[in-house]
Amino acid sequence: MMTDTFAQTAPFTILFLPLLGMLVIAVVGPRVHRAASAAIANLAVLGAFALTVALALDVWHRPPSDQVLTVTYPPAWAAHQQFWAHIPPLTVSFELRIDGLSLAWMLIVTGVGFLIHLYSVGYMLDSRWYRTFFAYMNLFIFAMLLLVMAGNFLWLLVGWGGVGLASYLLIGFDMHRPAAVAAARKALIMNVIGDVGIMLAMFLLFAHFGSLSYKEIFANVTAAGTPALNWIGIWLLLGAVAKSAQLPLHTWLPDAMEGPTPVSALIHAATMVTAGVYLVARAHPIYDHAPAAAQAVAVVGCATAFFAATIGCVQYDIKRVLAYSTMSQIGYMVLAVGVGAYAAGTFHFITHAFFKALLFMAAGIIIHNLGGEQDIRNMGGLARRLPFAFWAFLVGTLALCGVFPFSGFFSKDAILDQLLVLHHPVLWAFGTATAALTAYYMFRLLFMTFFTGGFRGKAQTHAGTVASMSVPVALLIGLALVGGWIVVPGHDGLTPLLRAAFADTGTMAALDHFSGIVSLAALGAGLVGFVAAYLLYERPSGLRPTLRRSLQPVRNLLANAYYVDATYHWLFEVPVLTLASDIARYLDPEAVAGGAAAVARTATAAGDAVRLWEAGYVRRYGLSMLVGVVIVLALFLYLAGGTAALGGR
Amino acid sequence: MQIPPVADYLIVAAALFVVGVVGFLVRRNPITMLMAIELMWNAGNLAFAAFARSFGDMSGQVFVFIVITVAAAEAAIALAIVVMVFRRRRDADVDDISVMRG
Amino acid sequence: MSFLFWLCAVIAILTGIGVVASRHPVHSVVGLIVNFSALAVLFLTLSGEFLAMIQIIIYAGAILVLFLFVIAILTAGNRAVESAPSRLEFQAVPSIVAGLAALTLLAAGIRETRPAAAITSPPPEGFGLVATFGRSLLTTNLFAFEVTGFVLLVAVIGVIVMAGRPAVRS
């Protein structure tokens, strides 16, 4: 009974602690020292993390049949159950679902989230809006927790929109920079496209199931036919594509790097952008019965993984390279959940959160020390100047490239292995090729930043690395190193934790398969990429200029990210802007302004006429009265039939 | 004894009233305007008296008496105001006394 | 009778026009005296002896003397009012036109509603005599009489307050 009470109350506490933190900062923040605001934000997330750990231990020590908790407020045993929305036949209660899947996400969101909060304490010290930043960060944690803890699609959408809002606020955090504001707007618009997709899916779900609750929908998912489930899956995919920056709605993520680096680490690498993966995994009963939609998910993920990696090969902004890398890695995850390898996707999400947050934080240390410099052409030789950042970046790179025994090796191999197990050789080939590209762009980034001759930048400012920044980085170095060891050949520690959440799926294979061919192919691909980067950037030879010349068209294509932004510009912006400017040039002066001027002229003339009568002179008022009397007299005579009298008798 | 019809009296009264109205509207000297107002009062009085005779009812004549009294009071107050205005400014034109205009 | 009526009517209207048309206020007052006298005769034709009396005594005697005093006090030595052109354009002609329109409509209305039949019946016993007038004033119309007295009181107080104020020149 005691544990039951805990399991019933802990989810709400976890969920609302960050919201409480935000509210407290908003209310008392301006009256206390800025450090107090940071402490409140950190403690709120740390408290949520501690409770999540306790809740996870509690849940995972139960028998597998008891590992899916549905928590509603007010509690189900309450005599008069109140609903948050009761529009017959739709009834929506405030319902949270705690199982292995949501717990995995909650642990990462609060755990990595806390580390990034800690990192921000030092990183954001120079910001004018220090307190606001932490309030927004806590808001994001709350919205993200609501997204992954929601027990029905309505609350999922609330969290989904909430993270979009927090993302918008934090990308545009430096609101005095137009680029940041534009990027924030772009992210918001793209995300709203996804929100619409989820809403359409919700409409279809309600039409077919009469409910939005996971429990009720998933219990009889086969009640709706395959075509309906396919459509639901497609619309959900639209939401996932927008949120997770997959093709073709990916263009907001590189721009989102305008936000502060901790934001990039937390929202645009570790947590929010993986919400699409979570959504597909959460809706797995639908995708299991919607083969076409699942196929689409896998193809989108694979395409994104490959194309984002190619674009990353030619970028010069350190955060943009990492952003394309994030898109590529999330492509892996989407690919995994698309083919039904939900555990593998979740696994990669966990390790990716570790090493990508680590990479962003290391990049943040560099940017912080170089006074905001982000262009790797202005870096170089930083290995000696910033050794801590270098080692952190190296570990992150090795993990990302899937080098044994770093965490990325296990998770990426799990995905690639599952692709072959589930008979998707083409997708596997693309995945392996992407591994080579990954190694190439990451080592290119590493070489250009830390080696390749000496420092190429201008005078550098040494801001130093405060403890609040280095401690979380050090912790993440460890996690990026050992985080994958939960799944090693012969022992799969993750799948049993998720088993209860995916009890109704048939494709849940164990992750400890590890065929040698897959691992060797991936490692070989990575080695190819490494050697290419090494030859081009570390060995001065005639190779690079030659290649650069011959591959110029390809470079242009990649540097412009396949002209997707330009296409959108010509498809959507130009027609609208042309229409607007035409209206401004022709319609507006003639019709609108002309009409307005005519109205103004009429009003002026009427005013002039009236002004004669309302001049403030008593004689004028008298004349007005007389005219009124004449009118009334004429009217009176006319009504009395006295018109004949006017003509005389 | 035959007297003209009431309609004739009323037409004379209407003519006097209109003369008074037009005088009030055209003139700018406040004293002349007050006299125009007196003309209007008297036009009304004539109509009252004509109707009183026509109906054989004394109330009409009593009202003429009351109107004369009120007209006297009005003339006294209005002239006092005119005197005050003239004291303030030498050449009082009604159109100049428009400080109360909205 | 009819001749007397029309004579007095024409005199009244012509002097009325003279009142509003003359340039000097004193001429207006003279015109007004003649006008009031003509009106007193008209009251007499209507069997209003008492009315004709107070018309002469109060109007032509008291009120117009008051006007004359004011004119004498104020306009002596002053620049004539209305020497400068009017600032109000579009006032005089529309006023006259509107006035003529009103007169036309009134005449039409009078002709329409009241047939031009001469009054032939004699007035009731004591009609218009002072005794009848006083009885009516103190019985039937007592309230109006008292209110009129109150109005006069207010007017007296008002005039004292305004005229008693020290002169302020701007």
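Author: Start with the residues that meet. Helix 18 of chain A brings K412(A), D413(A), L416(A), D417(A) and L420(A) to the contact. From helix 22 of chain A come V518(A), S519(A) and A522(A). By class, this contact of helix 18 with helix 22 in chain A has four nonpolar, one polar and three charged residues. Bear in mind that the model is predicted.

Now the geometry. Helix 18 of chain A covers residues 407–421, and helix 22 of chain A covers residues 516–538. Their axes lie 9 Å apart. The packing angle is about 125°. Angles of 65 to 115 degrees count as roughly perpendicular, and those over 145 as roughly antiparallel. Helix 18 and helix 22 of chain A are therefore oblique to each other. The crossing of helix 18 of chain A past helix 22 of chain A is right-handed.

Next, the link from chain A to chain B. Seven residues of chain A and eight residues of chain B make up that contact. On the chain B side, the classes are four nonpolar, two polar and two charged.

Chain B also touches chain C. Here 68 residues come from chain B and 80 residues from chain C. Three helices of chain B each supply at least two residues to this side: helix 1 (6–26), helix 2 (30–55) and helix 3 (59–88). Helix 3 of chain B gives the most, with 23 residues. The side of chain B that touches chain C has 45 nonpolar, eleven polar and twelve charged residues.

Look at chain B by itself. The chain has three helices and zero strands. Along the sequence, the pattern of chain B reads α-α-α. Chain B has 102 residues, and 61% of them count as buried. Take the contacts in chain B between residues at least 6 apart in sequence: 46% of these join residues at least 24 apart.

Finish in chain C, with its helix 2. This helix runs over residues 25–45 and has 21 residues. From first C-alpha to last, helix 2 of chain C reaches 30 Å. That is close to the 30 Å expected at 1.5 Å a residue. Just after helix 2 of chain C comes S47(C), with a positive phi of about 65°.

Conventions. Residues numbered from 1 in each chain as written. Chains lettered and ligands numbered in written order. Predicted model: local features only at pLDDT ≥ 70, side-chain atom pairs only at ≥ 80, totals over all residues. Axes fitted to C-alpha atoms, helices over the stretch in contact; angles between N-to-C directions. Helix = DSSP H or I, 4+ residues; strand = E, 2+ residues; numbered from the N terminus. Parallel < 35°, antiparallel > 145°, perpendicular 65-115°, else oblique. Left-handed = near helix turned anticlockwise from the far one by under 90°. Contact = placed C-beta atoms within 7 Å. Nonpolar A, V, L, I, M, F, W, Y, C, P; charged D, E, K, R; others polar. Buried ≥ 20, exposed ≤ 12 C-beta atoms within 10 Å, placed from the backbone. Expected span 1.5 Å × (residues − 1).
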